[in-house]
Amino acid sequence: MSVLKIKLKDGSCKEYAEPMAIIDIAKDISEGLARVACVAELDGETVDLRTVVDGEHELNILTFDSEEGKAAYRHTTAHVLAQAVKRMYPEAKCAIGPSIENGFYYDFDMESLDREALDAIEKEMKKIIKEGAVLERFTLSRQEAIDLMKKRDEPYKVELIEDLPEDAELSFYQQGEYIDLCAGPHLMSTKPVKAFKLTSSSGAYWRGNEKNKMLTRIYGTAFTKKADLDAYLAHLEDIKKRDHNKLGREMEIFTTVDVIGQGLPLLMPNGVKIVQKLQRWIEDEEDKRGYVRTKTPLMAKSDLYKISGHWDHYKEGMFVLGDEEKDKEVFALRPMTCPFQYYVFKAGQKSYRDLPCRYGETSTLFRNEESGEMHGLTRVRQFTISEGHLVVRPDQMVQEFKDCIALAQYCLQTLGLEEDVTYHLSKWDPENAEKYIGEPEVWEETEAHIRGILNELNIPFTEDVGEAAFYGPKVDINAKNVYGKEDTMITIQWDALLAEQFDMYYIDENGDKVRPYIIHRTSIGCYERTLAWLIEKYAGKFPTWLCPEQVRVLPISEKYADYAEQVRAELADHGIDVTVDGRSEKIGFKIREARLKKIPYMLIVGQKEQEEGVVSLRSRYKGDEGQVSLADFINDISEEIRTKEIRTIEGGADGTE
């Protein structure tokens, strides 16, 4: 008589006369399957292969090909890393070591490590894997667990145990002499780990809190095949080349200086040129769509932020100037412009005929980000944003919201970024209602409106609880950087609450005062973050219209300097960003230099070009394009810039380093 009935993914069933571990069920199905099995899905839940089951269940054996399988495989590799570190650095203290997207990491309280040290740890890991230790799982009572970790001198594990709920199951995994507090799941032994690499080491605050101790974090990745590992490592090398934090400095787009401060990048002339082009384009586009521009102060008294609610809900994220207990007036640098623009609206009485009022501002904002969050241009403390606030009648709200989405999509499409984003409906968290203003029914109604708009526009989206601003839900348009970290690039927010806070109203057709609705939105988002995105997207080879230097004229020798200057002047008269490389260098050297600077077009001039009034064209798109008339080139590049064309680079062209 069977006591265990298993329904497999293919619909077939297995019956057994006694309870069995999942690994034994896998072996009964196929020895080959058991060898590559990592974890299992039991009734929809990911579980360890050691799990003993009875009764009736649905079971799916998962290999490395599944996300759950990869996670267990890499989590086990993280334990191998920790065991190797403890062998080589006995005084190191273990913190946490999870699997992450594309790999794993482990945090240790120990000295910082260089590449040579990581290579030595890898060798020790290979020895451990060769030993093929079986991973054994066991549980302890709360006090037994604390005593074990104290005995092993692992204070971070003790802290983790003490912070867990009283009724939490405390499970451990042991491989050889190494024991770790861990919920699992894991591989059955270390033996299946075939191909791995420790990729880097950096500092990380314990529990992500800058007030805690800085630990040493070791990153790594693992695969079942060396070929897959090699391909991934090649991908990482490409990522490093695209990393805006590295490439942006190499291209002299931005820099940072310790004495100026973290999160306060300096845009260099090349970076300013790109942002200037973006800003002029956005402002002109918004003007076409009925926006009027404002210019408001960079700071305000705390009174303003108390009216809006930012003082109660966002004060820790603001730079406050003064002390409320000592100073008569306390100011704060603005983290947004919305309350300022509300007073532009309130400066004169508005009729229903005056709405919508679309206010746009290229705003410099300040937010007191934690130091551990700072990164290049993507997470900064001072930034500039294409900010706008639309004050609208309730009957105009849906269409205006759609138009804001359309503007954002136009901007993304023009920049070639529309395929790189995901859409999110960021909602309030009713479990933490104290974080928000307004009644639950207002939140439910506004979230339903946004959901309906996204569905009507056939935009796929996910819903994120707890990601709304304290005064309203929003559409967040997100993108990932080259390392896979997701950031919000563009936000469009529905606000049915702050008009009440600021006593905003318009006069309707009956002569009554009516509260308007407000849309908070960006069209391109933060210019610094967008610049970082563009650097990584195009690996510095921006579309021609955005390039800080679009053409470089290369005279073959000094004899042709006057003609080179004549070509430059004519291009400049047509608004093209052009320079002359007049150095006494060989032409091949000048061409290589221009390629390294990722300049779209080179115009080579010598005796023949001067005599015939032409130029020899080299582009990163097609390579050597031969002689062309200067007038034809100016017409072509001017049209490319005007239309903001995104040209593709053909194989073998000069744009390929």
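I take a cavity to be a set of points, on a 1 Å grid over the protein atoms alone, where a 1.4 Å probe fits but cannot get out. Its volume is the space filled by probe spheres set on the points, which are joined across faces, edges and corners.

**Basis.** I worked on a predicted model in which local features need pLDDT of at least 70 and side-chain atom pairs count only at pLDDT 80 or more, while totals for chains, interfaces and linings use all residues. Residues are numbered from 1 along each chain as its sequence is written, and side-chain values use heavy atoms, with hydrogens and water left out.

**Cavities.** I found 2 cavities of 30 Å³ or more. The largest cavity holds about 80 Å³ of space. A residue counts as lining if it has an atom within 4 Å of a point. For the largest cavity I listed H244, T378, A479, K480, N481, K485, D487, M489, R529, A532, W533 and E536. Two or more of its lining residues come from each of β26, β27 and α16 (527-538); helices here are DSSP runs of H or I with at least four residues, strands are runs of E with at least two, and both are numbered from the N terminus. The top contributor is α16, with 4 residues. I sorted this lining into 4 nonpolar, 3 polar and 5 charged residues. In that sorting Ala, Val, Leu, Ile, Met, Phe, Trp, Tyr, Cys and Pro are nonpolar, Asp, Glu, Lys and Arg are charged, and the others, Gly among them, are polar.

The second largest cavity has about 30 Å³. V442, W443, T446, Y471, G472, P473, W494, D495, A496 and L497 form its lining. α14 (440-456) gives the most, with 3 residues, and the classes are 7 nonpolar, 2 polar and 1 charged.

**Second largest pocket.** A pocket is an open set of points with protein on both sides within 12 Å along at least five of seven lines. By class I have 16 nonpolar, 17 polar and 15 charged.

**Sheet.** I traced an open sheet of 8 strands with mixed pairing, in the order β18-β22-β23-β30-β27-β26-β24-β25. Strands pair if DSSP finds at least two bridges between them. β24 and β25 run parallel and are joined by 5 bridges. α14 packs on the sheet and touches β24, β25, β26 and β27, at about 160° to the direction of β24. Contact means heavy atoms within 4.5 Å. α16 lies across β22 (357-366), β23, β24, β26, β27 and β30, at about 40° to β30.

**Helix pair.** I looked up α9 (residues 269-288) against α13 (residues 397-415): the angle is about 145° and the axes are 12 Å apart. Axes are lines fitted to C-alpha atoms, for helices over the stretch in contact, and angles run from 0 to 180 degrees between N-to-C directions. The contact uses L278, W281, I282, E285 and E286 of α9 with L407, Y410, C411, T414 and L415 of α13. I count 7 nonpolar, 1 polar and 2 charged residues there.
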